[in-house]
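Please look over the sequence and the coordinates before reading on.

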There are 2 protein chains.
Amino acid sequence: MSAAAAELGPVLSAGGPALAAGLARTEERLAEVAAGHGPDLEQHAAAMLTAGGKRLRPVLVFLTAADDADGRLVSAAAAVELLHMATLVHDDVLDRAPLRRGRPTVFATGGRAAATATGDLLFSRAFAELAATGSEEAVSHLSAASSALACGELMQRADAWLAGVSAERYLERCRLKTASLFDACCRLGSLFGGTPAQSAELGAFGQDIGLAFQLLDDVLDVSGPVERTGKPRGTDLLDGTVTLPLILARAEDEELRALDLRSITDPALAEEVCDRIAATGALDEARGEALEHVAGAKARLDRLELSPDRARALRLVASGVVERYA
Amino acid sequence: MSAAAAELGPVLSAGGPALAAGLARTEERLAEVAAGHGPDLEQHAAAMLTAGGKRLRPVLVFLTAADDADGRLVSAAAAVELLHMATLVHDDVLDRAPLRRGRPTVFATGGRAAATATGDLLFSRAFAELAATGSEEAVSHLSAASSALACGELMQRADAWLAGVSAERYLERCRLKTASLFDACCRLGSLFGGTPAQSAELGAFGQDIGLAFQLLDDVLDVSGPVERTGKPRGTDLLDGTVTLPLILARAEDEELRALDLRSITDPALAEEVCDRIAATGALDEARGEALEHVAGAKARLDRLELSPDRARALRLVASGVVERYA
């Protein structure tokens, strides 16, 4: 069992056979999509699509479904994973990343042109999957999320190197670039058989855990440990991406406030700045904010009438986003 | 009047007030989309979306519509233009292009990260526009075209520098990367109020003129004249993109057959190779193939029951794709 699968183990147990069957059918569907667009895509996308990953977004689709026998859920689950992967492939081009999950990226094997086109193709296939459900609302949810992801990315690039960015603007960016897709996953799940009120509450649940997920990601980038996260500390600092730990630490530490982010050009200096951020207590504070969103998410579950197994599985997912390491 | 508008002048006259009104509403809608996603997108996309261009794809949507009063046509027209622009923005990143239509590209003003995200956002908005029509079939047409565009791009990159690529494979690439969207435009137009038989025939009309469009583009890259096309001759050769003129010329000229494309590294040499291709008569042959597709497209129109004005306008569009210079 892979580390990712192990991480989801308790969720899979609580989700029961319907979740396991749904995820298995999603894997099959992703493999079909990878194989169905000629050898050029297959070469580039198959490794990406079949390499695993936590499949957290498909899990949310299935666990929020009112009728988990609805075949359209597999289309929705495949669609959100395709969209997520499209953004990863484009991110890897922008970051010139050689590896993802320990395997060569599409950028590394095919170059930036092939990787840009592969990302575009995965975007297209995400919408094709959802169009096949015949639900206009489903397509609208995905296109809203997809637009938000791109707006979040634009915002992040616009704010790069701006150390004085506000916590509010940081949280808005997290909402756009991460939470919006978690929101869409939960709305898509509840779309097939659920009520509008459930859908809105589950969407808000997705928003909350999405924000917690991104907050924790940004904490881990400063805290490590490297042997668990699998990447050096301070990569955000080296990219000029200002996150909550730095925003909070700057309020406490005058030297951090005076620091020009563009002067952080080597990994050793980035690690030093990470230590300095940690010394202010900003990591605990940011982690606390993530935990608050998890608590908020769980409180929403109490207001919904869910089966005990379903509620337990969603609680485990909520806890999982702040307990993971990578 | 811009050069692009002048080029479409006769089509606009033949299309009458319904076409003019549809195009005007499409412009308004594109401006709304550009303004509706925050200052970051507006900065990058507004110039792109409102800079004009021939709007050939929206024209096809309106001219193939069975019921030109259907408000969903504006959504469809905006969607195809948004998708087209998304691919242009990504192409400009890959080509590191400083200018498009005489204006700075998103890549030039915002860098590759902002341009990649802007392209992704335009993709998303294209699907959002169509989802708003409530037509699953419309979304399917667009996602099929969007996937084909990306597959064509992948194919082009996979075949780069392969001088021995076949004419069949070249035509398949043109079908994917250009003709599929023309096809989708015509199917989208005929979707609202048309019959399935009309839709298929109009789609095939779109395919034919799309192929002719791409064939002529590839001829112009070799023939110029530079003062009309606005770009140096031989840019495809410098990119390693093998097109029909070279494929045909290699069959006639042994020295061209022996040429290693990777040795064409400077513009002056690329122009020499262009002259050599022209000397074989390959340009006339490729132009002839484009004209055959235009004739085929017009023959399809004869099999459809269209109003005389509509048929005349579509004929003018078909002729226009091989009569244009840039």
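## Basis and confidence of the model

This is a predicted model, in which local features need pLDDT of at least 70 and side-chain atom pairs count only at pLDDT 80 or more, while totals for chains, interfaces and linings use all residues. Residues are numbered from 1 along each chain as its sequence is written, and chains are lettered from A and ligands numbered from 1 in the order in which they are written.

The predictor's confidence in each residue is the pLDDT, which runs from 0 to 100. Chain A has a mean pLDDT of 90, with 96% of its residues at 70 or more. Over residues 1–6 of chain A, however, the pLDDT is below 50, and this stretch has five contacts in the model beyond near neighbours in sequence. Two residues are in contact if their C-beta atoms, placed from the backbone, lie within 7 Å. Where pLDDT is low, the predicted coordinates should not be read in detail. For the complex, the predictor gives an ipTM of 0.84 and a pTM of 0.89.

## Overall form of chain A

Chain A contains 15 helices and two strands. Helices (H or I, at least four residues) and strands (E, at least two) are DSSP runs, numbered from the N terminus. The radius of gyration of chain A is 19 Å, close to the 20 Å that the globule rule gives for 326 residues, so the chain is as compact as a globular protein of that length. This radius is taken over C-alpha atoms, and the globule rule is 2.2 Å times the number of residues to the power 0.38.

Along the principal axes, the C-alpha atoms of chain A fill a box of roughly 55 × 50 × 35 Å. Of its 326 residues, 52% count as buried. A residue is buried if 20 or more other C-beta atoms lie within 10 Å of its own, exposed if 12 or fewer, and partly exposed in between, with C-beta atoms placed from the backbone. Among contacts in chain A between residues at least 6 apart in sequence, 74% join residues at least 24 apart.

## Two domains in chain A

The domain assignment divides chain A into domain 1 (1–134) and domain 2 (138–313); such bounds come from an automatic or database domain assignment. The C-alpha centres of these two domains of chain A lie 21 Å apart. Contacts link 27 residues of domain 1 of chain A with 23 residues of domain 2 of chain A.

On the domain 1 side of this boundary, the elements giving two or more residues are α1 (3–35), α3 (56–63), α4 (72–94) and α5 (106–131) of chain A. The most comes from α4(A), with eight residues. By class, this side has 17 nonpolar, six polar and four charged residues. Here Ala, Val, Leu, Ile, Met, Phe, Trp, Tyr, Cys and Pro count as nonpolar, Asp, Glu, Lys and Arg as charged, and the others, Gly among them, as polar.

One of these elements, α3(A), is largely enclosed by the rest of the structure, because eight of its eight residues are buried. Among them are Arg57(A), Pro58(A) and Phe62(A).

## Pairing of the two chains

Two copies of a chain are related by a rotation about an axis and a shift along it. Chain B can be laid on chain A with an RMSD of 0.0 Å by a turn of 180° and a shift of 0.0 Å along the axis. That is the relation of a two-fold axis. Copies are superposed by least squares on the C-alpha atoms of residues with pLDDT of at least 70 in both. Of the residues of chain B, Glu136(B) comes closest to the rotation axis, at 3.4 Å (C-alpha).

In the interface, 36 residues of chain B are in contact with 36 residues of chain A. At least two residues each on the chain B side come from α2 (38–50), α4 (72–94), α5 (106–131) and α6 (136–158) of chain B. This side has 18 nonpolar, eleven polar and seven charged residues. The copies meet through the same surface, because 100% of the interface residues of chain B are also interface residues in chain A.

## Selected buried sites

Helix α11 (residues 244–252) of chain B is mostly covered, with seven of its nine residues buried. These buried residues pack against α7 (167–191), α8 (196–223), α12 (254–258), α13 (267–279) and α14 (282–302) of chain B. Thr243(B) lies in the loop between α10 (235–239) and α11 of chain B. Thr243(B) is buried, with 24 other C-beta atoms within 10 Å. Leaving aside neighbours within four places in sequence, Thr243(B) is in contact with Tyr170(B), Asp218(B) and Asp236(B).

In chain A, Gly203(A) is found in helix α8 (residues 196–223). Gly203(A) counts as buried, with 24 C-beta neighbours inside 10 Å. Apart from neighbours within four places in sequence, Gly203(A) is in contact with Asp183(A), Cys186(A) and Arg187(A).
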